[in-house]
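Hi,

Here is the structure I promised to pass on. My notes on it follow below, so please have a look when you get a moment.

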Amino acid sequence: MLNKNILIGVTGGIAAYKVVEVASRLKKLGANVRVMMTRHAAEFVAPRTFQEITGNAVSVEMFGDAANFHVAHIALADFADAILIAPATANFLGKAAHGIADDLLTTTILASDKPLIVAPAMNTKMFAHPATQDNLRILRARGVKILEPATGELACGTSGKGRLPEPVEICAAVEKIFAAGTLTGKRVLVTAGGTVEAIDPVRYIGNRSSGRMGFAIAQAALNAGADVVLISGKSDLAPPKNLTFVKVESATQMREAVLKHFDSVDAVIMSAAVADYRVKNPAAQKIKKSADTLTLELVKNPDILRELGGLKTSQVLVGFAAETQNILEYAGKKLVEKNLDFIVANDVTAAGAGFGVATNIASIIWRGGNVENFPMMSKDDLAVKIVERVAELLGGRKFFPSN
Ligand code: CTP
């Protein structure tokens, strides 16, 4: 937090007094702290209290100091590396969700493109009200970090969800914004799910991929601070938030989407189950049942990863090999032929591995032949292992046996 500029916005709730401790802690952690308050907040805690704690003047009025007028909301917005609103009232959430700027605090957040952390605190029913929940959804979708209120005694004499989290937790959330992940500043492209190859407008050739592994990798890369592009074939999963999500159907569409982003990314992790063949001439109309047998002519799909292996400049390339026999041999061959940095191989027929289950049993094969064998683990945990290795390769350090 050293020398980070944190702007705290205090809105009018009884929990405002707890934010004095938040300001104090952030200051002790090395941050420069400024406070802006709504008029209602200033009824709960005197601006002077924050002024003494932070060593900086506290702003309340939009046009407070006419003599020193310098467009206060722009100056405050420019100051901030991150903005924390605590406590955030239901009224504030409504205004922030809809871009209403009718005082200094709401105008300042509208003038800022920096990370915004919001700690709602209010009566349980107000928090649960659909209007509040809708507003929270809008803010979350916009990338605002919302801290869950704690449950317990409330100032209004009731008990339930709506308490401001403890100052130490609020400070931890602010610190986390600045914690550089191992992939901060890197762009990672992940493919997931299975491609769908049309037979006619109703039927298709597909596969058993659920998309779980790829979605878990996208989430792990996001957690490590990367900008993530997730290109997904068929999957019923909801994509993680805060990434670029591209939905595709066929291998041809997936190839186009991948090539479009390839030049701008630092790594590609190709976990999609791409169909190797497509129907040569998909029927324009539904095929009617007639003869006892039906023959479909299939043609080979482009091998996306092989193509990337030929195009690659500095990108890290990771492939998957879903095998049913001779796993290491077949996967090792793909590693070399597709010019990959490493390949994640698994026996999709083993119990606890493969399609549609939450766990996987994988081996990572590196250039040079070194193999890491992992025990059965959740796809989320395996995703973290894969992302850690990509981060190591991009950082130029080699802790893993990649030769
Ligand atoms: N892959 C790809 N394009 C294809 C087929 C596969 O990009 N048309 C990628 C997969 O996403 C995976 C890797 O290549 O990362 C290996 O896929 P896999 O299906 O195991 O191998 P194939 O090369 O298709 O070989 P085979 O099906 O004969 O085992």
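A quick convention to start: helices (H or I, at least four residues) and strands (E, at least two) are DSSP runs, numbered from the N terminus. Ser250 sits in the loop between strand 12 (244-247) and helix 11 (251-262).

This is a predicted model, with local features needing pLDDT of at least 70 and side-chain atom pairs counted only at pLDDT 80 or more, while totals for chains, interfaces and linings use all residues. Residues are numbered from 1 along each chain as its sequence is written, and side-chain values use heavy atoms, with hydrogens and water left out.

Back to Ser250: its relative accessibility is 15%, so it counts as buried (under 20% relative accessible area; exposed is over 50%, partly exposed in between; 1.4 Å probe, protein chains only). Leaving aside residues up to four places away in sequence, Ser250 touches Thr195, Val196 and Glu197 (heavy atoms within 4.5 Å). A polar atom of the Ser250 side chain also lies 3.1 Å from the backbone nitrogen of Gln253.

Now the ligand. It is surrounded by 14 residues, the closest being Met270, Ala272, Asp276, Lys334 and Lys338 (a heavy atom within 4 Å). Ligand oxygen atoms are found 2.7 Å from a polar backbone atom of Met270 and 2.9 Å from one of Phe320. A ligand nitrogen is 2.9 Å from a polar backbone atom of Pro302.

Finally, Tyr277 belongs to strand 14 (residues 277-279), and its 43% relative accessibility is why Tyr277 counts as partly exposed.

Best wishes

Terms used: A polar contact is a pair of N or O atoms within 3.5 Å; within protein, one must be able to donate a hydrogen and the other to accept it, and residues adjacent in sequence count only if both atoms are side-chain atoms.
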